[in-house]
Amino acid sequence: MASTSASDSEEGCLLVIILDVHPCLASNEGEAEVYLNTVTAFANLHLASSGANRLAIIAANHAQSCYLYPDQSHEEVERQIDGRLELLSHVDKILHENLKKMMVTTTIFTQSESLIVGALGRALTYVRRIESEDGLNKKINARILVIKVSTDAGGQYLNYVNMYLTAQKMRLPVDMCVIGSDCGLLQQGADITGGLYYKVNSVDKLMQSLMMIFMPNLDSRRRLALPPSGSVDYRAACFCHRSLVDMAHVCSNCLSVYCKAVPLCSTCNALFGMEMPIRKPPKKKKND
Ligand SMILES: [Zn+2]
Ligand SMILES: [Zn+2]
């Protein structure tokens, strides 16, 4: 590649975008188009800003998660057509092709949330793979960005927490950008992994937020006046109904959370003693 001499300090950044493509997007066609175009433009911007930058995009809908880019079946980049950078038009083409494959023809879906957490797992293993492929097992400069549109039901709570703790251990920041309503689970993830959490009110504000907040790398962010993250909703989801609770019963063995008292822990099968009413010990009669 005929790039300018890249010193070690300019090693570039591997950005893994996790894109929510829940079928609920289809309810507003214009909005869906703006959404996908915005994310594509942001991906292009990331690649164009440095020759050393790398990109991966993983999409998640209600039923599956799948790699959109890079795509192993499209190894070679085609010739320049319209004066654009070859790589960028290549990215656009692959994204469109793979999204089309992923689109479901029926709009019937029972799950209101996407399998973001599955895509997050894929992203973590992808970063790990690139690290090991780079040789010397050197830690690479990588981060993950989750863009979410669907509503959140807390059904995958434990999986999310596992992913967050893994990312934290890998020192991999996970940025969260949610559109519409706040999502406590993602807020926790950004806080745990050292990423940024930001809520965008509507899709047409997405580009601005992506450029101003999620484009700068971690070093530059320290020098920027970014919007305050606010207080993090650290409620846990109970293991019985998957709903977020303020107060709960916790298994003393495995720390599973239950919104009601249960006789048996469904995670570790620990038996809890039945709650007995507290009785005063019988008074001993003094025998003279
Ligand atoms: Zn419950
Ligand atoms: Zn337990």
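Reply:
**The metal sites and their surroundings**

Of the chain's 288 residues, 42% count as buried, where buried means under 20% relative accessible area, exposed over 50% and partly exposed in between, with a 1.4 Å probe and protein chains only. This is a predicted model, in which local features need pLDDT of at least 70 and side-chain atom pairs count only at pLDDT 80 or more, while totals for chains, interfaces and linings use all residues. Residues are numbered from 1 along each chain as its sequence is written, chains are lettered from A and ligands numbered from 1 in the order in which they are written, and side-chain values use heavy atoms, with hydrogens and water left out.

The chain has 7 helices and 10 strands; these are DSSP runs numbered from the N terminus, helices (H or I) of at least four residues and strands (E) of at least two. Among contacts with a separation of 6 or more, 63% join residues 24 or more positions apart, a contact being heavy atoms within 4.5 Å.

The zinc ion (ligand 1) has four protein atoms around it: SG of Cys-238, SG of Cys-240, ND1 of His-241 and SG of Cys-259, at 2.0 to 2.4 Å. Donors are N, O and S atoms within 2.8 Å of the metal (3.2 Å for Na, K and Ca), and water is not among the atoms, so sites may look incomplete. Along the chain, the donors of ligand 1 have the spacing C-x1-C-H-x17-C. The angles among its 4 donor atoms run from 97 to 127°, and the site is tetrahedral, the rule for four donors being that all angles lie between 85 and 135 degrees.

Rings of Phe, Tyr and Trp (its six-membered ring) pair if their centres lie within 6.5 Å; planes under 30 degrees apart count as stacked, over 60 as edge-to-face and the rest as tilted. One of the pairs joins Tyr-67 and Tyr-126, which is tilted because the planes stand at 50°, with ring centres 5.9 Å apart. Tyr-67 belongs to strand S3 (residues 65-69) and Tyr-126 to helix H3, 59 residues apart, and the pair links distant parts of the chain. Tyr-67 is partly exposed, with a relative accessible area of 28%, whereas Tyr-126 is buried at 7%. Another pair is Phe-239 with Tyr-258, whose planes at 55° make it tilted, with centres 6.3 Å apart. Phe-239 sits in the loop between strand S7 (236-237) and strand S8 (244-245), and Tyr-258 in strand S10, 19 residues apart. Both Phe-239 and Tyr-258 are buried.

The zinc ion (ligand 2) is held by SG atoms of Cys-251, Cys-254, Cys-265 and Cys-268, lying 2.2 to 2.3 Å from it. Angles of 105 to 113° among these 4 donor atoms make the arrangement tetrahedral. The spacing of its donors along the chain is C-x2-C-x10-C-x2-C. Cys-254 is in the loop between strand S9 (249-250) and strand S10 (257-258) and Cys-265 in the segment after S10, so this pair ties together parts that are 11 residues apart in sequence. Cys-254 is partly exposed at 30% relative accessibility, while Cys-265 is buried at 0%. For four tetrahedral donors, the ideal angle at a metal is 109.5 degrees.

In the loop between S9 and S10 lies Leu-255, which has a positive phi of about 65° although it is not a glycine. Leu-255 is exposed, with a relative accessible area of 62%. Most residues other than glycine have a negative phi.

At least three residues of the core come from each of domain 1 (12-221) and domain 2 (235-277), with the domain bounds taken from an automatic or database domain assignment.

How values were computed. Tetrahedral: all angles 85-135°; square planar, octahedral: opposite > 155°, others 65-115°.
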